[in-house]
Amino acid sequence: MISDKLRDQTIRFANEIKGLLNGTITNHVQIKAVALSKGDDRLFILGNRLDKTMTAERFQLKPRASKAELWMDVSFQLRLDAEREHLMVHKSFFGVFGCKEAKKGLFHYDYERDKADGYPDAHLQIEAASELFATLNDPKCDPGRSLAQLHFPVGGKRFRPCLEDVIEFLAVERLVEARDGYEKLLEVGRERFRKNQLRAAMRRDPDTVFEFVERYGSRDRA
């Protein structure tokens, strides 16, 4: 069974994502959390209006360009960590598209823990063209490969971009209309994300934590 504590953590995370999106660049997004059991493992799916296949529905943004159309896709898969005490993000996807059903978009950030195909766990892909890149493709191995097929590493499992970073990009680059005061929500959410990542890093590297406490623990905080 899935413990009440883990269920509460998942629901709280879903509400944080919903509050972040609706408080910054969109309206009426409904981030739901669904718990699935796979043997002894637990998988939690989060996304907007999940359908029967556990696929998240894209939601519409408000571009600053009046005649443009813009949609966003946000989804998470959460699992228990190795100690089966904490939730961890197993996969996440943040993508921006020109219409609700488009297969190609402006860009998307992917994260897949322990990705098996050799590409970086956390990466960015951009739908764009480059004459220089076209000349760099090896005609024997990669004929016709596009820039959109490149996986740009973005910090790995610990230091990857968070959803707040993507929202900030859309706002400061004047691609979407953002709510007044959105910066404060981004600051709070980003700080929460970084602290969670720091705690996870500390659990995985207690020797470094011990060394730090030995050296700095008795000093007054700056």
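Helices here are DSSP runs of H or I with at least four residues, numbered from the N terminus. With that settled, here are some notes to read beside the structure.

This is a predicted model, so local features need pLDDT of at least 70 and side-chain atom pairs count only at pLDDT 80 or more, while totals for chains, interfaces and linings use all residues. Residues are numbered from 1 along each chain as its sequence is written, and side-chain values use heavy atoms, with hydrogens and water left out.

1. Start with helix α6, residues 206–216, which holds both Phe 212 and Tyr 216, 4 residues apart, or about one turn. An α-helix has 3.6 residues a turn, so residues three or four places apart point the same way. The ring centres of Phe 212 and Tyr 216 are 4.8 Å apart and their planes meet at 40°, so this pair is tilted. (Rings of Phe, Tyr and Trp, the last by its six-membered ring, pair if their centres lie within 6.5 Å; planes under 30 degrees apart are stacked, over 60 edge-to-face, and the rest tilted.) Tyr 216 is partly exposed at 32% relative accessibility; buried means under 20%, exposed over 50%, and partly exposed in between, with a 1.4 Å probe and protein chains only.

2. How many aromatic pairs does a search of the whole structure find? The search gives 6. One of them joins Phe 107 and Tyr 109, with centres 5.8 Å apart and planes at 85°, so it is edge-to-face. Phe 107 is buried, at 6% relative accessible area.

3. Do look at Phe 76. Phe 76 forms one aromatic cluster with Phe 13 and Phe 94. Beyond its neighbours within four places in sequence, its contacts (heavy atoms within 4.5 Å) include Ile 17, Phe 44, Val 89 and Lys 91. Phe 76 is also among the residues touching the most other members of the largest nonpolar core, which has 32 residues. Such a core is a set of buried Ala, Val, Leu, Ile, Met, Phe, Trp, Tyr and Cys residues joined through side-chain atoms within 4.5 Å.

4. Arg 58 lies over the face of Phe 97, at 3.6 Å from the ring centre, and the charged end of Arg 160 is 4.1 Å from the centre of Tyr 111.

5. Finally, the cysteines: the structure holds 0 disulfides (cysteine sulfur pairs within 2.5 Å). Cys 99 is partly exposed at 32%, and Cys 141 is exposed at 57%.

Terms used:
Helices (H or I, at least four residues) and strands (E, at least two) are DSSP runs, numbered from the N terminus. A charge sits over a ring if NZ of Lys or CZ of Arg is within 6 Å of the ring centre and within 35 degrees of the ring normal.
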